[in-house]
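Take a look at the structure below. Keep it in view as you read.

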Amino acid sequence: MSKRRRTDDVLGSGRPGNAHAFSVEPPEKSEQLWFEDGSIVLQAENTQFKVHRSILAKNSPIFADLFKIPHPASEPTIDGCPIVHLQDSAEDVKHVLLILYGDREYVNPGRVPHFSVVAAMIRLGRKYEIDFMKDEALSRLKREFPTTLEEFDDVDRTGWTHFTFPTDTVHDRECKKLYAMIRFAYECNIRSILPSLYVELMGPARDLDNVFYLSNELPMPYDALRSFVCGRDILLSVRTQETYQWIREVGTLVSCKSRVKCSGMSRRLVLHVLNDPVYPSSVFHKWEAFEAGFENGTIKELCDPCLQYAKRAHKEAREAVWTVLPTYFKLPEWDKLTDDM
Ligand SMILES: [Zn+2]
């Protein structure tokens with residue numbers, strides 16, 4: 001893409017003449033981002049930010065290019081500063097500028113940002129090529145919705161680790177927030193987080209009717225709904241036809257030391273899996289969770305060869321499903337599942 005074209009994208013149709021024709025209220029000065037010695041005024045929606053061209057140009061090649069274009073003398077200025085109209089939300093622009101200006105609320109090490117800040121960092125980091133900002137935000141999203149099973153196992157699902165939401169509900173990683181993530185992943189072409197996200201959505205969205213009902217309120221891209229429903233269906237059949245196939249072997253191994261006890265246990269395990277409430281994502285439960293869910297952990301009473309076999313087969317089964325997981329959702333395989341940034 002040529003430089004000229006890129007800066008046109010930034011300006012969009014929001015050149016001063018157009019923008020003024022549609023604005024009803026006079027623009028407001030940002031309280032936090034209005035520097036007396038600023039050299040450029042950015043306007044997003046109805047908010048103006050008086051900031052420094054040098055700071056923007058240093059961080060963004062897009063702004064650097066934009067400032068090379070002479071400002072026409074006929075266009076209005078504020079305090080002698082040119083006005084650049086942006087097609088972004090005022091909130092996104094505020095978040096990103098506060099980061100560029102090193103605002104303490106934003107750049108304190110250890111501070112966990114709000115999701116709206118992470119989203120702004122990705123949206124604008126991508127558009128204005130502020131790579132450090134985009135990469136940092138992207139890595140937060142990816143750690144929350146990872147691509148490897150090891151990382152997926154380590155996600156703390158009692159809340160959020162790498163960004164926050166206002167804690168206004170009991171079910172913190174609830175449907176609506178996961179929906180917001182899926183919509184955002186589609187908006188910014190972040191495909192690598194989708195498989196994890198869909199698997200996690202299977203918990204709170206157990207009732208498919210809820211999924212469609214909620215999608216009415218918070219529209220999900222059609223492709224996302226289709227991916228989710230198809231993948232869920234495949235996981236359900238994989239769960240019974242592949243994941244727990246090892247149960248049939250328990251008690252029949254040549255090395256089994258207690259055939260009567262182990263085969264009895266095998267029959268009860270089959271019933272347990274069949275009677276379990278249908279959580280397709282239980283395919284990924286670790287052995288410990290499976291063990292705890294069956295007759296208060298009595299699976300430990302299997303003879304040692306059967307128990308070792310069961311643990312190994314369980315581990316191999318969940319890894320095998322994870323390896324091909326994206327294809328269940330009609331996505332490319334993990335190594336081809338790139339983010340179009
Ligand atoms: Zn045995």
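This report covers an annotated span, some paired strands and a pair of helices.

## The annotated span

The model is predicted. In its unreviewed entry, UniProt lists residues 36-109 as "domain: BTB".

## Strands around S5

Start with strand S5, residues 81-86. Strand S2, residues 40-44, runs parallel to S5. The two are joined by 4 bridges. Within this pair, Ala44 stands opposite Leu86 of S5.

S5 also pairs with strand S4, residues 77-78. Here the sense is antiparallel, with 2 bridges. Ile78 stands opposite Cys81 in S5. S4 and S5 form a hairpin with 2 residues between the strands. In this hairpin, Asp79 takes a positive phi near 50 degrees.

## Two packed helices

Two packed helices are described by the angle between their axes and the distance between the axes. How do helix H5 and helix H7 pack, and at what angle? H5 covers residues 90-100, and H7 covers residues 115-127. Their axes are 9 Å apart, at an angle of about 90 degrees. Angles of 65 to 115 degrees count as roughly perpendicular, so H5 and H7 are roughly perpendicular to each other.

Which residues make the contact? H5 supplies Glu91, Asp92, His95 and Val96. H7 supplies Ser116, Val117, Ala120, Met121, Arg123 and Leu124. By class, the contact has 5 nonpolar, 2 polar and 3 charged residues.

Definitions and conventions. Residues numbered from 1 in each chain as written. Predicted model: local features only at pLDDT ≥ 70, side-chain atom pairs only at ≥ 80, totals over all residues. UniProt positions renumbered as here; feature names shortened; annotations may be inferred. Pairing = 2+ DSSP bridges. Axes fitted to C-alpha atoms, helices over the stretch in contact; angles between N-to-C directions. Parallel < 35°, antiparallel > 145°, perpendicular 65-115°, else oblique. Contact = placed C-beta atoms within 7 Å. Nonpolar A, V, L, I, M, F, W, Y, C, P; charged D, E, K, R; others polar.
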